[in-house]
Amino acid sequence: MTNLPKVKSVALRTISTPLILSAVLVVLALITVAYGSRPFNQTMIDIFVRVILVTGLYIFVGNSGVLSFGHIGFTCLGAYAAAWLTMPPMMKELSFPGLPAWLKALQLPYGPGAVLAGIFAGVFALIFGRILMRLSGIAASIATFAMLAMINTIYANWESVTSATNSVVGIPIVRTIWPYLIGAIAAVFIAWAHAISRHGLALRAARDEPTAALASGIDIPKVRLVAFTLSGAVMGLGGALMAHSIGVVTPDTFYLGLTFITLSMLVVGGIGTLTGAVMGVVLLSLLIQGLRWLERGVPVGESTFALPGGLQEILLGVVMIVILARRPSGLFAREFALPAWLGAGRGKSSAAPRNVPAGDA
Amino acid sequence: MLQVLFDALSLGSLYALGALGIALIFGVMRLVNFAHGDVIAFSVFALLWPSTDAVAIVFAGQMPWFLLIPFILAVGAGLSVLSEIVVFRRFRHASPATMMIASFALGFVIRYFLLMLFSSRPKSISLLPALSQPVEILGARMPLLQLITILATIVMLFALSVFVRKTRFGLEMRAAAENFTMARMLGVRANRVIMGAFALSGALAGAISIILGAQTGTADIQMGGAVMLMAFIATVIGGLGSLEGAVLAGFLLGAASVVMQTVLPPEARPFRDAFVYGAVILVLLFRPQGLISARGTKERV
Amino acid sequence: MIRTRLLTGLSALALTLTPMTGAMAEDADGNIVVGFATAETGFMEAYDKPAQDAAMIRIDEINAAGGLLGKQIKVVNADTKTDRAEGAKAGLSVLDAGADMVVVSCDYDFGAPAALTAESSGKVSFFLCAESIKAGVQGVGPHSFSASVLAAVQGATMAQWAYEKKEARDFYRLLDTSYVYNKGVCDGFDWMLPTLADAKLAGEDVFKNDDASIAAQISRIKALPKEPDAIMLCTMMPGAVSAIKQIRAAGINSMILNGSSVDGSYWLSAVPDLSNFYVPVQGSVYGDDPNPDVIAFNALYKEKTGGDPATQYTYPGYVMIDVWAKAVERAGSIDADAVVGELEKMDGEPTLFGPRTFTPELHHQNKARYLIAEVKDGKPGIVDEWTISEPVPMDALLK
Amino acid sequence: MSLLAVSDVTIRYGRLTAVREVAFTLAEGEILFITGPNGAGKSSLMRAIAGVTPPAGGRIDFGGTEITGRAPEEIARMGLSMVPEGRDVFGSLSIEENLMLGTGMHSRERGWKARAASALEEVYDTFPILKERRHGQAGLLSGGQQQMLVIGRALMTNPRLIAIDEPSLGLAPNITDQVYERLIALRAHRKLTLLIVEQSSTRAVMVGGRMILMRGGQVLLDGDAGAMGQSEALQAAYFGYGEH
C-alpha cells in the first residue's frame, strides 16, 4: 500500500475552513455583546442553535447525498432528554410521572445535560440508522420522514413520559450567548473532522460514484450509518440547547416547519459544503431578521415605511426561489479556504474573507 | 363490516387522487411537488371573496354544481400550470433536492399569500350541501358525499387511465416520463408535455379540494397538508413514477388508517399514525423501488 | 400533602427563573407601560387580535377617566409572529421598552416564552385568553395570571347542566387528541361525571383534529345499543366543524356538548340547520346577553373595530385590564409583588363577564358563571346560565 | 447544396475538450460513416447535432437553416432523426406505441393518419419481426430487435436524414449484418441520407460511401470509404503509429 496521505497533512490543508467559519461566528457573538440589547441577543442565540442543527444535517445529507427528512426527530429527542435531565425534580413529578425514579431525582446543570442529550439522540440514530441505511435515494428520504412522523406521534401522545401535547415548562433558561457559541463551533469542528476522516472520504466517494465506491470495497451502509449517528448526536445537542434557549418545548416545535427551514438553509447555503451549511444559516437568518425589522417599520424621513403584515414570509419564499434558480448548487458551492500563497494551498479559494489571520503554516 | 369497507374506500380515494397528482409531475420531471397541498387550499379559497373578517363571503361558491366543479378544476389546473411556467421552468436541470426545496418555498409563498388575504381563521362554506344527507347502502349508513366521492374517484381514475393509455398526449407523457431526452429527439415538445402533466395534477388537486371542502365544510389554509403527506408517502410506496402504483398505494394507506382506527384497542388508538408510519418503513425496506416499479426509473448501471 | 408538594415545586421553579430580578422600572416620563407581546401575523393573529382590541377599549376608558394612579397608561407592542422563538424576543423587547405588565398570546404554548421572560424580570404577565392550568402559577411563575376561565370548568359546566336541565343520563366522550385545550375540557367532564347520580359513560373514543374523515369513530357510536343522550365533544377549530358535520350526516341526533372553542356563528353555515348543539360562553356575541352592559360593550367594540366580536374569546381581554387596574389602584403602586398580592385577595370580584377569584395557588378561574348558548336550526342563542356547584379541585386540573 | 453542414464545432465538458473544430458536410442521399477509436468524440458530435448538448463553438446547418443549440424536438421536426447510442427503447410502452410516437410531430398536417398507417406498414415490411410482437412490451425485445425498432421508429418521423450512433454496439455479427442489409435496402427504396457512427472501419469499408476518421476530438481523414480501406494512413490514424 503506498503511503496513505498523512492524515495530519490533510487536516492541515483543510483546517482553514472550520477556522474561518468559527471566526465568523465569534465576530457575530462579539457584535451581539457590544450591541447589548436582549432581543438581539436572543436572535443570535437562535442563529447559533440553527447553525448546530444545519451543520448536523450537513454531516449526513451533505456527505451522503441522501436527502433525510427525519433528523429533526433527533432534535426532539435531544430537547426532551435535556428537559428530563435538567428540570427540577419537583417539576418532573408534575410533568413526567412515568419517568424512572432515579431520573426524576436527577438534576444536572445544562452543560453536561446537553451533551448527554446529544448522546441519547445519537444512540437512537444508531438504532434507526441500522434499519434505514440500507435504503437510498427517494426511498431513504421517505423512510426518514416516516421516522420523524413516528417520533412526533409517539412524543405527542405518551402522556406519562413527555406529557404529550402539553407544553413542557421549567427547563432552565440560558440567556448568555457563550454556551451557544461553543456549541456551534463544536458542531462545525465535529463536521469538519468527520468530513476528512476515513469514513467521511468513503461516504463522499459513495455519494459521487456509488458503483465505483462499491467496486473499491466501501461498505456504503456502514459509512452512512457512521454519518447518520454522528449527525443524530449533533442534532440532539442542538435540540437540547434549543430547549434551554426558550425554556418551553412541545412536540410540534420539532416537526415539519423546522424540518423544512433547516433543509432550506442547507440547500440555499450549499448542500455539499460545510461553508454552505454555516453561511446558509447566517445569511438566511439575517435576511429573515431584516425583513422582520422592515415589517416593524423603518423611519424614512418622518413617515415610517413598513411592509404590510405577512409579506415577510412571502418575500422570504420568493428570495429563496430566486437564489435556488440562480445558484442551484447553493450560494457557497466551494469551501472557504485560505489562498495558496498562505501555504494552506488547496484549490482556488472562493470569496475567502482575508481578515482572519488563521496562521496554520 | 361493510361500513369499514366504505370508510376505507372513501379515505383511500382521497389519498389516491393526491398520490396521482404527485406521481404525474414526478413522472415527467423527477420533481416531488410539495406545493401540491397548497394548490388544494388555494382552489377552495378561490370560491371566496378575499376578506379577513370571520364570516366567509361566498363569491364563486354560489354557482350551481355543474359550473362550480369545472371552475374549481380549472383554478387548480391554472395555478399548477402557472407555477410550472413561473417557477419550475427555471429548475429543469436542478438536482431533485433543489427542486424539492423550491417547491416547498413555492408552497410557503402560496400559504402566506392566502393567510394575508383570508387571515388564519378557518372559513366555513357550505359546498354542495345536497351531498351531505345520509343514504343507506346494503346496511351501511353513510353520507351521500362518501358514496359520491368513491364513485367520482373511480370514474376519474378510469378516465385518466384511458387518457394516458389511448390518447397521443398520454403516450407522449408516458414516453417523456421514461426517457425525457429520447422523447424530445422524436419531436415531443418538452414544455407542452410538462405543462400538461401540471394541468392534470392541478385539476386532481381541484377535485380533492371539492371533496375535502364538501366533507369538512371549511376552507382552512392548512387543509391540504394532512392529505398531501399521506399521498406523498403513497406515491413512493406505490413506486415513484408509476401511476397505477400511486393509486393502489393510496387506497392501501387509506384502508390501513381506517382499519387501524377500528382494530386498535382504545389506549393504543392515539398511536394509530405511528403504526401506519411503521408499516411504511417496513414496505420500503422490502421493496425500496415500490410495489409497482415503473421500469424506466431504475438507474441503469 | 398536595399543597406542600406544590409549594416546594413553585419555589424550585421560581429559583430557576430569576437569574436577574428587574428593578421596578417605571417609564422615564412617569406613566405606566403595558407591553403586548402578542401575534400580529401568522396563525394566532385571528385569536389574539380580538382580545387585544377589547383590552385596548378598557385602557382607553381608564385613560379617559384620568388614568391609573394619576398616570396615563402607555402601550408598547411586539409581534410574536405565532412563533415560540420569536415570542421570547417579543417579550424581551417590550420589557426593554419599560413594560410594567406584559400581555402575552391567547394560547399557552405560544404565550409561555414571552411570559417566562416577564417572570424572569419579575414583572406581572397576563395570558389574553389561555384556558390551560399552566397559564399561570403552575406553568410560568408566581407573577403570571390568565384572564379567562379553565377549560375543565367548561367540560364540568356542560356535563352538570345537561344532567340537571336536560335529564341527560348516558354520555359519550369524543376527544380530539391534537390539542391540550381539548384534553382540559374532557378532564373537567371526567371529574364531574361520577358526581352525577346514575349518569354513566356509554363509551369513549379519540380522533385527530386534521383527520380527513372520522367515519370509523362514527360507526362505533352508531353500533351502541342505544343512541347516547349527549356526546361530550372535546375539540376546537378547524376540525370541530368537520366532526359535527359528519356526526349529524351519519344520522346521529343526540345532544352535542363542546367547550367554548366553537362559539361564534361564523362556521354555522357549514352545517345547515344544525340543532341540539350547546356551548358555554362567558358573554354572548349574538346580541342577546342578559346583561345590558355586555350589549353596550359589543356596540363599543363594533364601533372601534368595525365588526361584532366573532367569538367570546374577545371578552377576557377586557376583564384582564379591568382586574389588573383595580389591583394597581388598591396596591397604590405598580410594584409587581404588591399588585400580585392585591390580585390574590380578589374573591368573586365582579366584572362585566362574571366574578373572578385568584388565590396564591391558582391564578386562574376553576369556577365561573357561564351562559349556555344553544344552536337551534342553525341559529345560535343564549338559553340558560349555569355555575358548577363546587370548583374543580386542583388534582383534577393537574391530572 | 449540402443537407448537413458542420463547421468548426467545438464541444467541452467542463475543462475537457471532447471535440475540437470539426467540420464536414453531407449531401442529400449520401451515406457517411464516422469511425475512430473509443473516446474520439464521435458520440459527443452526434449529441451536438441532435441538439442534446449544445456545442461550445462553431455552427451546424441543416437544410440551409442553422440548428446550433436549438431544442432537440425542433431539430427532429425539421427532419433530422437521431438514433442515440444504447438504443433508448421505451420499455414500458408496446412496440407499436414506440413506433407511433415518431408520428406525433406530424399530427397537425392533414391526412397524417393515412401517412402514419402506411409508414407503419412499411416499417413492418422492413422489419417483420416487429409486426409479430407489435403489442408486446418493447422492453422484452432482444438487442437486435430493439435496434430494428429504434431505426423503425426514426423512419416513422418521415425524416430527410437519419443519424445512427453505433448500431452494431452489443450485437452479434450476423444480427449486425441483417440490420445493415435492411438499412441499405431502405436507402435504395426511398431517398434517405444516412450518417452512421461505426466503430469498426471494416464495416464502413464493406458498405461503401464516404468515411470520416476521428481521433482525439479531431477529423484526421475524410474520403471515400473503399479507397481508404487499405491505406496505411488508416492504420496509422487508428493505432497512433508514428505519433511524435
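The model is predicted, and I kept to its thresholds: local features need pLDDT of at least 70, side-chain atom pairs count only at pLDDT 80 or more, and totals for chains, interfaces and linings use all residues. Residues are numbered from 1 along each chain as its sequence is written, and chains are lettered from A in the order in which they are written.

**Strand 6 of chain C**

I took helices (H or I, at least four residues) and strands (E, at least two) as DSSP runs, numbered from the N terminus. Strands pair if DSSP finds at least two bridges between them. Strand 6 (residues 170-176) runs parallel to strand 7 (residues 200-207), and seven bridges join the two in chain C. I followed the chain from strand 6 through helix 6 (residues 180-192) to strand 7 of chain C and noted a right-handed β-α-β crossover; that is, with the strands pointing away from the viewer, the path from the first strand over the helix to the second runs clockwise.

I then looked up strand 8 (residues 230-234) of chain C, which pairs with strand 6 of chain C in the parallel sense over five bridges. Here Leu174(C) stands opposite Leu233(C).

I checked burial (20 or more other C-beta atoms within 10 Å of a residue's own, with C-beta atoms placed from the backbone). Six of the seven residues of strand 6 of chain C are buried, so this strand is largely enclosed by the rest of the structure.

**Chains A and B**

I counted contacts (C-beta atoms, placed from the backbone, within 7 Å). Chain A gives 30 residues and chain B gives 32 residues. On the side of chain A, helix 8 of chain A supplies the largest share, eleven residues.

Methods: Two residues are in contact if their C-beta atoms, placed from the backbone, lie within 7 Å. A residue is buried if 20 or more other C-beta atoms lie within 10 Å of its own, exposed if 12 or fewer, and partly exposed in between; C-beta atoms are placed from the backbone.
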